Amino acid sequence: MRISYEWLGEYVDTKGLSPVEAADFLTMSGTKIESVQVIDLSAIIVGRVLEQKDHPSSNKPLWIHQVEVGGGKVIQIIAGAPNAVAGTLVPVALPGTRVPSGTLVRDAKIAGQAGQGMLCSADELLLGEEREPRIMLLDRGEPGESLAKYIPPDAILEAEITPNRPDCLGHIGVARELGAAAGREFKANFMPPYIEGVQPPASELIDIAIEVPDLCSRFVAVPVTGLKVGPSPDWVQRRLRAAGVRPISNVVDATAYVMLEHAKPTHVFDAAKLAGKQLHVREARDGESLLCLDGQTRKVGPGMLVVADAKGPVAIGGIIGGEESGVSESTTDVVIESAGWNGVNIRATSRALGLRTEASLRHEKGLAPEMAMAAARRAAALVRDWAGGKVHADWVDVYPRPQEPVRIQLEPQKIDGLLGVRVPPDESQRILRDLDFQVRDDDGTWDVLPPVFRVDVELPEDVVEEVGRIYGITRIPATLPGSRHTSWNIAPAEDNHWMLREVLLGAGFDEVVTPALVSHRSLQRLGLAEGARTLFNPMSDEMDSMRTSLLPSLLSVARYNQNRISERVDVFELARVYRGSRADGLADEQIHLTALARVDSAADAGRRGFLRLKSAMDRLAQDLVAGTVRYLREAPHLYHPGRTASIVVGGKAIGVVGELHPSTLAVFDLDGRAVALDVDVEALIAARGDRKATELPRFPAIQRDIAVVVDMSVTAGELHRAIKESAGNSLESVRAFDEYRGDQAGEGRKSIAFTLTFRSPERTLTDAEVERVMSDVRKRLEKKHGARFRS
Amino acid sequence: MSEATRLRDTALAAIAQARDGAELEAIEVEYLGRRDGKISRQLLSGIAQLDPSQRATLGQEANEAKRAVEAALAARRAEHEAARLADIGETEEIDITFPAPELKRGHAHVVSQVRRELEVIFARIGYTVEEGPEIESDWYNFEALNLPKGHASRDVQETFFLDADEEIVLRTHTSPVQIRAMQRIGTPPIYIIAPGRVYRRDNLDATHLPYFMQLEGLAVDEGLTVGDLKGTLMYMVQSLFGRERKVRMRPHHFGYTEPSYEFDTMCGRCMGKGCRSCGGQGWLETGGCGMVHPQVLRNGGIDPDRYSGYAWGFGIERMALLKYDIEDLRLFYENDLRFNRQF
């Protein structure tokens, strides 16, 4: 909302208070001022155009003016607009002047012609917006006089008004706030004076029928006859422009002015254009439409409210008027409408029509119906004053749902208790009265009556907020809560998720955080769309589904970085995936830890990459004390069928580790190969165990290496098991450390090397004892797996 | 001169002459060797034949000689060791300017890091972490927070819906976790934070993201005040950015808090004076906060006549942006590893 500081000064004493100071008071009391633009015209002077000629040589349309600027001095000024003809009075900025829009004026030569200043447009002076180049024309003044003599200095405050305060979408509301916050006198009244009016009474000229009292709580109709449409006074036009509204005519400007004053939109019908003297407020019917004031025809229908005459809609209630019944130059008799609309309905209609107007954005916030009468009185007075005409007596005021007065019982201790500071009761009361609240101390309990325009105030807490924001948040001391609790939530220091991250970080993986919104089409292409939750109102088909796997996101990251960095891309993410629909409509949200590593092109790189991720997985389980991890050969979708395993922890499959299928990489246009690890984090954490120290061994260990040559189809896991089964109690551990496939192993054969560690808890083992066990082991391997041994 | 003294002197002379450890070793074996040392064995070979008084004298002399030789050996060895170490600065020199290979360790994402910092900062004053679903019901996301359907206050949060009835949403803020936490924990004291992803129908640009991470905080206890909220926010901002960074609260409006405030962090470049990066304001908008609305407490199953609460929320990316002078929000989700590895 644009606030003219000059205009604001009509309702609150701003003497000696700069716009910037006022902005600070407003911001710190809840009306955030985003910017302050000061309009100081004292350096701009009045000039009289003596002569205007076309520029002789410029390609662009330019005009050369001889301008009298006081003291008999005449200067030459070049301008890009044609309207400053000889005899007009214009605003002139001499070289060295900075105009309010920020431009610094200099001497300039344009296409061979010297210019000595600038003729200003309304835009440059921040006095309004023009659609085409146009010099602002003045209606009075003598050459050389400062423009400030005729146009008072102003400042434009851009305010953010919160949705609970539609009463501040007008200057009076903001002035009241400033008065209370800055301790300045507030000079306006919510309710303008009663207007006597002439005969015949309004009811003989207009009749209102509200068919939807829940959606239109009130309709005030004021006939004004015998007026003359013309331009509104200069100062009115100036204020409207300052607030960002283009002046149209005295009657229309009156409604805009009232809206910018009282925050309540009104509408004016040309009485002569209405069919019949009765207006209905009703739901629109199927097939109805209206040519609106902005020149567009809109279809309206059930759910939307219209004001209709005998022939059909003449306005979309509370949003926009109809073109045909609107005020024109020939209008002499009007009906002023000021009505109370249901905010939720206005908002729904406005959204359905895709139309937001100054009226709809105020009405949709649910204005108090009591504001309707205030605005009607003000509008009638302004139309009468600016356009002449007679206001008729006994206004039509259909008010089927009168606004309920609100009364709040407040224990004044609640103010101190909630704010955390001692506010003297008389200061609280003064604050509330400055905001037009009434307060009565009823034996220690306060009886608080909010002003009728404050429909947002209903609870004691709301009243405390009012006191708090004017009292000043900076005066409330900062404290931390502390009390003698007798119960508490326990908070173990372990952070499982961070522990998992640490393992991957330590293994050299970079963490990424990627969007959970993905394209459903790409999920389908990857066969991951099953159970995917899709959006009903996506912004684009690139983001229309929630992801069911982190893998595509990581592959996209790998692709994005492929040409950007030369080093290896090893990344992981710990985030949710979303699948399925539960009875309550929510999804099953699982946290996954997924890692992706590019591998080089060496022959055994895939195997090494796989083992690297397997190491990471083993360490994840180890850090969580989740027991031994088992890997079972598996060929899940998207993975290499011969190089992938499912991960089993505590008897439960919790994830997959393996090389990705080359065709998966192809979808992402990725070169080479890649391996991935994908773990269900909650399932892994569920297997978490307690860590217990074990006693250190007291006797030395004996180690033996053995190279086992077997057929290709025999796995290290099978050999491992056979060793364990045949080695007896003294075997402490066994570990495969090398695999060899080549000539020395023989055709179709491979060699796997194991280290066996033997130890007794009671004594030092002898070589002979160990040799006996090794012999058993060899026999078992030979018998069960056809093994031979290399030395 | 006794035999023992003579042997001792010969040994000491040899020790003084010895050039290295090996020679000392040989001398030690020659004189003190267990099997055939001149002092340790040969000297005493005839001791059994001597009479007791001579026996004692010889034993004592032999012992003294042995100790003297041992001491001389130790001293000489120490000298040799010192001489050996004296010039290793030259003989074993390396080029310390040679660049070290990079330690192979990954970088945690900057948003994760800031989130973790916040979790630790709040854990220190007794807050625990709560979570809630991102695919959320309209009731938890809006209704329970005093944001009824069709109300103008919903406008500021453009919502992604998952169904035509607009009953299931992608949560637009972490505030629904407030309700879930109150319901789960039941009886105050409740001191929780809820970090997590949220979604809004905003176009992606340098200052807007359709998805981001928010951190919600909620305290419900007896006698909590706006002053406590203010202290908590100052504790947080100063723990994150340093003691000199101030927090400014401005009255604002949210349906689920009463009173409501927005809070700003003092601009770190100009320290409140106003500069380009804060748009001349001196302050950077950070988040929203307020005292929990009594109806919201009731919706969470808490008696508002007995307890009061405060809550706050802000974007974690925004905190990261303030902390590290990051200019463009899109960088957080682009995952250009050259960016990720800066943190």
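**Getting to know chains A and B**

Trainee: Among contacts in chain B between residues at least 6 apart in sequence, what percentage join residues at least 24 apart?

Mentor: Keep in mind that this is a predicted model. A contact here means two C-beta atoms within 7 Å. Of the chain B contacts between residues at least 6 apart in sequence, the share joining residues at least 24 apart is 65%.

Trainee: What radius of gyration does chain B have, next to a compact globule of 343 residues?

Mentor: Start with the outline: along its principal axes, the C-alpha trace of chain B spans about 120 × 50 × 45 Å. Of its 343 residues, 43% count as buried. A compact globule of 343 residues would come out near 20 Å, but the radius of gyration of chain B is 40 Å.

Trainee: How many helices and strands does chain B have, and which of its helices gives the largest share of the side that touches chain A?

Mentor: Chain B has 12 helices and 9 strands. The contact takes 68 residues from chain B and 72 residues from chain A. The elements giving two or more residues to the chain B side include β5 (211–221), β6 (247–254) and β7 (257–266) of chain B. The largest share, 8 residues, comes from α8(B).

Trainee: By class, what does the side of chain B that touches chain A have?

Mentor: We're still on those 68 residues from chain B. By class, that side has 30 nonpolar, 20 polar and 18 charged residues.

Trainee: Which residues in α3(B) does α2(B) meet?

Mentor: From α2(B), the residues taking part are G21(B), L24(B), E28(B), Y31(B) and L32(B). The residues of this contact divide into 5 nonpolar, 2 polar and 4 charged. On the α3(B) side you'll find K66(B), V69(B), L73(B), R76(B), R77(B) and H80(B).

Trainee: Why is α7(B) largely enclosed by the rest of the structure?

Mentor: Burial here takes 20 or more other C-beta atoms within 10 Å. The buried residues of α7(B) are P176(B), V177(B), Q178(B), I179(B), A181(B), M182(B) and I185(B), and their cover includes β4 (190–199), α9 (294–299) and β9 (308–315) of chain B. The helix is largely enclosed because its buried residues number 7 of 10.

Trainee: Over in chain A, which strands stand at the edges of the open sheet of 5 strands?

Mentor: The sheet has the order β11-β14-β17-β18-β19 in chain A, with mixed pairing. Inside it, β11(A) and β14(A) pair in the parallel sense over 4 bridges, and A209(A) stands opposite H280(A). Then β14(A) and β17(A) run antiparallel, again with 4 bridges. One side of each edge strand is left without a neighbour in the sheet, because each has a single partner; those strands are β11(A) and β19(A).

Trainee: In the open sheet of 7 strands in chain A, which are the edge strands?

Mentor: The order is β26-β29-β30-β34-β33-β32-β31, with mixed pairing. Within this sheet, β30(A) and β34(A) pair in the antiparallel sense over 8 bridges, with A597(A) opposite V675(A). The strands that pair on one side only are β26(A) and β31(A).

Trainee: In the hairpin of β32(A) and β33(A), which residue takes a positive phi?

Mentor: These two strands pair in the antiparallel sense over 7 bridges, and V649(A) has K652(A) as its bridge partner. The hairpin has 2 residues between the strands, and the positive phi, near 55°, belongs to G650(A).

Trainee: What about the hairpin of β31(A) and β32(A): which residue takes a positive phi there?

Mentor: Strands β31(A) and β32(A) pair in the antiparallel sense over 5 bridges, and R630(A) has V648(A) as its partner. This hairpin has 5 residues between the strands, and the positive phi, near 80°, is that of L638(A).

Trainee: Which strands does helix α14 of chain A lie across?

Mentor: Helix α12(A), for its part, lies across β26, β29 and β30 of chain A, at about 145° to β29(A). Helix α14(A) runs at about 35° to β30(A), and the strands it lies across are β29, β30 and β34 of chain A.

Notes:
Residues numbered from 1 in each chain as written. Chains lettered and ligands numbered in written order. Predicted model: local features only at pLDDT ≥ 70, side-chain atom pairs only at ≥ 80, totals over all residues. Rg over C-alpha atoms; globule rule 2.2 N^0.38 Å. Buried ≥ 20, exposed ≤ 12 C-beta atoms within 10 Å, placed from the backbone. Pairing = 2+ DSSP bridges. Nonpolar A, V, L, I, M, F, W, Y, C, P; charged D, E, K, R; others polar. Axes fitted to C-alpha atoms, helices over the stretch in contact; angles between N-to-C directions.
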